[in-house]
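Subject: Structure handover

Hi,

Here is the structure I promised to pass on. Please open it first, then read my notes below.

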Amino acid sequence: MYIPNCSDFNSLSKVWGPPLVKYPLALPGLKYILIMVDPDAPSKDDPKYRMWRHWLVTEIPGLQLIGGKELSGIDLTEYRRPTPPPGTGYHRYQFLLFNQPPGASLYLHPEESTRASWDVDVFIERFQLGHPLATTQFMVKNDLQ
């Protein structure tokens with residue numbers, strides 16, 4: 001399954017692994033960066049942990065993105081499946097795809113060790129990533145009350 005089909009709403013699954021990400025415009029000789037965040041943590045009404053970092057992968061070979069294959073880049077933050085708390089409604093899970101600047105060695109500062117309240121804009125500025133090549137999102141909610 002390619003995530004996301006932006007018009008779909010997904011139900012929570014306990015076995016949901018990392019999505020296959022497909023970007024046919026990727027160039028085989030370039031590297032890419034993928035960011036997945038939840039801007040609605042812990043809830044859309046009280047997003048005090050907004051931009052919860054669910055996944056941060058660097059050094060993604062363009063060839064993998066062209067074919068929608070499992071990513072074998074460097075996980076700066078290992079994938080964590082969507083887990084919105086019960087009763088918090090739908091959460092948006094957003095993907096941002098960037099070119100990785102040639103020769104750049106990306107990292108997280110020690111103060112970025114927590115996934116909550118990550119300042120994605122500071123990360124983008126630190127490495128001069130510019131605008132994303134592609135963005136999309138899907139929505140999930142936990143139906144338990």
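Start with Glu-59, which sits in strand E3. This is a predicted model, so please read every value here as computed from it. Glu-59 is not a glycine, yet its phi is positive, about 60°. The residue is partly exposed, with a relative accessible area of 27%.

Ser-117 belongs with it on the backbone list. Its phi is also positive, near 55°, and Ser-117 is not a glycine either. Ser-117 is found in the loop between E5 and H2. At 41% relative accessibility, Ser-117 is partly exposed.

One peptide bond also needs a look. Ala-41 and Pro-42 are joined in cis, with omega about -5°. Pro-42 belongs to the loop between E2 and E3. As background, most residues other than glycine have a negative phi, and most peptide bonds are trans.

Now the strands. E2 pairs with E3 through seven bridges, and the two run antiparallel. Within that pairing, Ile-35 has Leu-56 of E3 as its bridge partner. E2 also runs antiparallel to E5, joined by six bridges. There, Ile-33 stands opposite Phe-98 in E5. E2 is mostly covered, with seven of its eight residues buried.

How many salt bridges are there? The count is three.

- Asp-40 with Arg-92: the closest N and O atoms are 2.6 Å apart. Asp-40 lies in the loop between strand E2 (31-38) and strand E3 (52-61), and Arg-92 lies in strand E5 (residues 91-99), so this pair ties together parts that are 52 residues apart in sequence. Asp-40 is buried, at a relative accessible area of 1%. Arg-92 is partly exposed, at 24% relative accessibility.
- Arg-126 with Glu-112: the side chains meet at 3.0 Å, N to O. Arg-126 is in helix H2 (residues 120-126) and Glu-112 is in the loop between E5 and H2, so the pair ties together parts that are 14 residues apart in sequence. Arg-126 counts as partly exposed, with 23% relative accessibility. Glu-112 is buried, with a relative accessible area of 9%.
- Asp-46 with Lys-48: the side chains meet at 4.0 Å, N to O. Asp-46 is partly exposed, with a relative accessible area of 38%.

Why does Glu-112 count as buried? Its relative accessible area is 9%, and buried means under 20%, so Glu-112 falls in that class.

The largest nonpolar core has 18 residues. Those with the most contacts inside it are Leu-34, Met-36, Trp-55, Ile-60, Leu-65, Leu-71 and Phe-138. Which elements give two or more residues to this core? They are E2, E3, E5 and strand E6 (134-141).

Leaving aside neighbours within four places in sequence, Met-36 is in contact with Trp-52, Arg-53, His-54 and Trp-55, among others. Its contacts also include Tyr-79, Pro-82, Tyr-93, Gln-94, Phe-95 and Phe-138. Of these, Trp-55 and Phe-138 are also listed with Met-36 among the residues with the most contacts inside the 18-residue core.

Best wishes

Conventions: Residues numbered from 1 in each chain as written. Predicted model: local features only at pLDDT ≥ 70, side-chain atom pairs only at ≥ 80, totals over all residues. Heavy atoms only, no water. Helix = DSSP H or I, 4+ residues; strand = E, 2+ residues; numbered from the N terminus. Buried < 20%, exposed > 50% of the residue type's maximum accessible area, 1.4 Å probe, protein only. Core = buried A, V, L, I, M, F, W, Y, C linked by side-chain atoms within 4.5 Å. Contact = heavy atoms within 4.5 Å. Pairing = 2+ DSSP bridges.
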